[in-house]
Amino acid sequence: MTPRNAQHSPSLAARIGRWSTRHRRTAIIGWLAFVLAALFIGSAVGTVSPSGDGSQHGDSKTGDAIVDKAYPDRADETVLVQAKDGSKLRARSPEFRAAVNDVVSGVSKQPGVIEVQSPYAKGNQGQLSDDGRSALVSFKIDGDDTVTEKRVDAVEAAVKAAGAKHDEVFVGQFGDASADKALSKAFGDDFSKAGMLSVPVTLIILVVTFGALIAAGVPLLLGVTAVVGTIGLLGPISHLVALDEFINEVVLLVGLAVGVDYSLFYLRREREEKARGHSPKDAVAISAATSGRAVLISGVTVMVAMAGMMFAGDSTFTALGIGSMLVVLVAMIGSVTVIPALLSGSGKWLERGKIPFLGKRMAANRARDIDSGSRGWNFVLDRVLRHPVVAVVAASGLLLVLSAPLLHMHTADSGTEAIPRNLEIMKVYDKMQAAFPGGEIPASVVLKADDVTSPKITAAVAKLKSDALASGKVKEPIDVSISADKTVMDISLPIVGTGTDNASNAALAKLRGDVVPAFEKRAGVDAYVTGMTAGSKDFNDLMKSRWPIVFGFVLSLAFILLLMTFRSIVIPIKAIVLNLLSVGAAYGVLTWVFQDGHGEKLLGFESTGSVTSWLPMFLFVILFGLSMDYHVFILSRVREAFDRGMKTEDAVAHGIKTTAGTVTSAAIVMVAVFGIFATLSYLDFKMMGVGLATAILVDATIVRAVLLPATMKLLGDWNWYLPTWLEWLPSLGHEEAARPVPGDDDDAARRRGEDRELVSV
């Protein structure tokens with residue numbers, strides 16, 4: 001066992017807290033100056049996004065790289081002209097032809113539009129549907145993404161004008177530029193909704209928690225300023241490592257969560273100490289030495305978990321890892337510098353803005369629950385500690401039941417199926433898919449040679465077309481594109497299915513396993529299959545291959561940090577097991593709700609039969625990190641009580657009861673903010689919101705309130721077991737508080753003076 005009465009010098013957190021309280025104005029103004037400077041610099045330099053799709057891997061990445069290098073930048077666009085339901089018009093009808101010709105004429109006049117292909121031109125019969133009701137007009141808009149984004153407006157206006165002249169047909173456009181424009185707006189609206197709701201929802205919860213507006217504003221202030229400062233810092237960083245646009249939303253999620261958590265740790269401890277009769281300065285000093293230290297340990301552990309994303313082998317995950325680690329670092333620094341400065345000079349102003357009745361009730365509850373905790377949690381914990389075996393069996397059984405659907409989890413890129421179908425652009429897409437299956441999500445066979453127009457390759461391509469169509473997995477129209485220098489050929493093969501379903505995956509397997517290898521032998525060149533389905537398959541394979549590396553890194557580093565923090569080999573093992581149970585439950589609920597489709601009506605989506613492939617790894621690192629917040633905070637209080645002479649059972653009861661209110665408040669904030677994402681329209685974000693909210697809810701209730709105390713009760717003093725051969729490890733020893741807790745022994749009481757000296761300002 002590790003010694004419980006070892007003496008320690010003031011911790012880093014205590015020294016930082018002491019400096020902040022002595023230099024209040026410098027700490028507060030310095031923090032605000034940092035946030036404003038970061039925001040200014042970030043705005044000045046801008047944020048650089050990846051030029052290509054950083055989530056491409058394998059053959060799909062190789063094929064796309066060949067195409068990108070061989071062809072000039074341009075956006076492919078298609079216009080659907082379709083006879084309306086009930087109409088007798090057909091593609092050969094004069095009225096139908098007139099509509100098509102108006103589309104061709106209208107788009108051809110627009111700047112940057114090239115290679116306009118009419119369905120009536122020779123060799124373009126594949127642009128007419130089998131039932132004769134639909135026709136496609138294809139063209140390209142010249143320029144890179146920035147240029148085509150500007151040029152597509154005029155093209156869309158021309159298409160709309162052509163449609164307005166012909167009421168008897170439907171005219172709609174879908175393509176690279178038009179879809180990117182529409183979807184960017186839709187996602188932007190979603191993110192705006194999440195951002196606008198997150199802050200007021202968080203504030204309401206904090207007001208209920210503290211009963212006063214000013215006190216509630218402190219955690220929110222830290223969370224928001226940490227997010228703003230981090231987003232500013234990401235600007236110059238993106239010039240070194242291109243960052244995905246999605247990073248801001250992850251920074252908001254993580255930053256608000258940890259910022260509020262860390263502030264709550266401080267505020268609740270400071271209020272608790274003042275309720276015990278300590279002066280404001282002493283209360284802040286005790287909070288800095290205890291909760292401040294827990295914040296530092298927790299922050300480092302969270303950053304280690306987030307760093308796991310750097311080993312995913314994917315640029316998007318790398319960007320998310322950088323953003324997550326940075327916002328945790330910023331929030332951690334702010335919490336141990338600004339919060340002590342704010343609290344040390346607060347006096348009674350922190351209690352201003354009290355909500356009638358609620359403020360007095362909160363104050364009365366704090367005075368009553370200083371050492372005993374809230375009555376609700378006491379009721380649960382007393383029964384858990386009275387029957388620990390029953391609690392462990394029941395809680396573990398429930399978590400295993402929740403985790404059971406994980407056994408048949410199937411991951412795949414959600415593709416176009418994740419996009420809300422009420423968007424006009426997706427209505428056009430669905431009509432196109434119905435009339436020309438696979439046309440907008442084709443598989444592409446890419447090859448490079450000295451001359452792709454040679455007789456040998458030409459004959460092989462003709463055989464490839466016939467083999468692909470004969471397989472029943474490919475539909476017309478098959479399009480062949482050749483680069484200007486005749487060194488690259490891109491063969492577009494519309495495949496069956498939605499792009500990521502079983503039918504599309506079977507088509508991909510047929511192409512890669514049979515059709516394309518036969519083509520390579522005939523043509524004498526290497527060929528690569530790319531496209532949405534191939535990209536999804538290759539990304540999925542990458543995620544599966546990286547799982548052991550990411551898991552091993554996160555679990556190993558977390559184990560080492562907790563081992564040195566609590567000087568116990570049992571604590572880190574138990575922490576990892578409990579966190580994995582939380583993650584497993586989240587995976588199970590995610591599979592049951594989204595893959596199995598049980599939440600379709602409630603959440604307003606249509607199941608794709610899978611969980612989006614990037615989410616499981618992302619959830620693991622985020623959830624493992626955030627759950628460590630609670631674990632370190634609770635165990636720090638337990639260890640603090642144990643070091644003061646309490647028996648392990650009493651220390652567990654005291655530590656969990658006195659932290660239950662803080663953990664509950666922080667968890668409610670997280671669940672509410674994450675739950676907002678479950679209301680967004682994009683399916684991937686719904687999954688992320690439900691997965692995060694479920695795991696935090698499970699972690700803060702079943703795991704922390706039942707499994708943790710029950711297992712600690714059963715293990716007794718073995719919780720603090722450290723083999724003698726590990727005594728050489730450096731210690732991040734626990735900082736003792738400035739007063740005893742109820743039940744401490746005489747030896748602990750004699751140490752009271754030493755403790756007060758350690759944390760005095």
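Colleague: Is K486 buried, partly exposed or exposed, and what is its relative accessibility?

Modeller: K486 counts as partly exposed because its relative accessibility is 43%. The terms rest on relative accessible area: buried is under 20%, exposed is over 50%, and partly exposed is in between (1.4 Å probe, protein chains only). This is a predicted model, in which local features need pLDDT of at least 70 and side-chain atom pairs count only at pLDDT 80 or more, while totals for chains, interfaces and linings use all residues. Residues are numbered from 1 along each chain as its sequence is written, and side-chain values use heavy atoms, with hydrogens and water left out.

Colleague: In which element does E115 lie, and what is its phi?

Modeller: E115 belongs to strand β2 (residues 113–117). Its phi is positive, about 50°, although E115 is not a glycine. With a relative accessible area of 43%, E115 is partly exposed.

Colleague: How many salt bridges does the structure hold?

Modeller: Side chains of opposite charge can pair when their charged atoms come close. The criterion for a salt bridge is a side-chain nitrogen of Lys or Arg within 4 Å of a carboxyl oxygen of Asp or Glu. The structure has 20 of them. One of them joins D189 to K185, with the closest N and O atoms 3.1 Å apart.

Colleague: Why are D189 and K185 separated by about one helical turn?

Modeller: Because they are four residues apart in helix α6 (residues 176–210). D189 is partly exposed at 43% relative accessibility, whereas K185 is exposed at 55%.

Colleague: How far apart in helix α14 are K427 and E424?

Modeller: K427 and E424 are three residues apart in α14 (residues 424–435), about one turn of the helix. The closest N and O atoms of their salt bridge are 3.3 Å apart. K427 is partly exposed at 38% relative accessibility, and E424 is exposed at 55%.

Colleague: Which parts of the chain does the pair of K713 and E649 link?

Modeller: The side chains of K713 and E649 form a salt bridge at 3.5 Å, N to O. The pair links distant parts of the chain, 64 residues apart: K713 is in helix α22 (residues 683–715) and E649 in helix α21 (residues 648–677). Both ends are partly exposed, K713 at 24% relative accessibility and E649 at 38%.

Colleague: Which residues are linked in a network of salt bridges?

Modeller: The network links D153, E156 and K181.

Colleague: At roughly what angle do α1 and α10 cross?

Modeller: Two packed helices are described by the angle between their axes and the distance between the axes. Axes are lines fitted to C-alpha atoms, for helices over the stretch in contact, and angles run from 0 to 180 degrees between N-to-C directions. The axes of α1 (residues 12–22) and α10 (residues 315–344) cross at roughly 50° and come within 8 Å. The two helices are therefore oblique to each other; angles under 35 degrees count as roughly parallel, over 145 as roughly antiparallel, 65 to 115 as roughly perpendicular and the rest as oblique.
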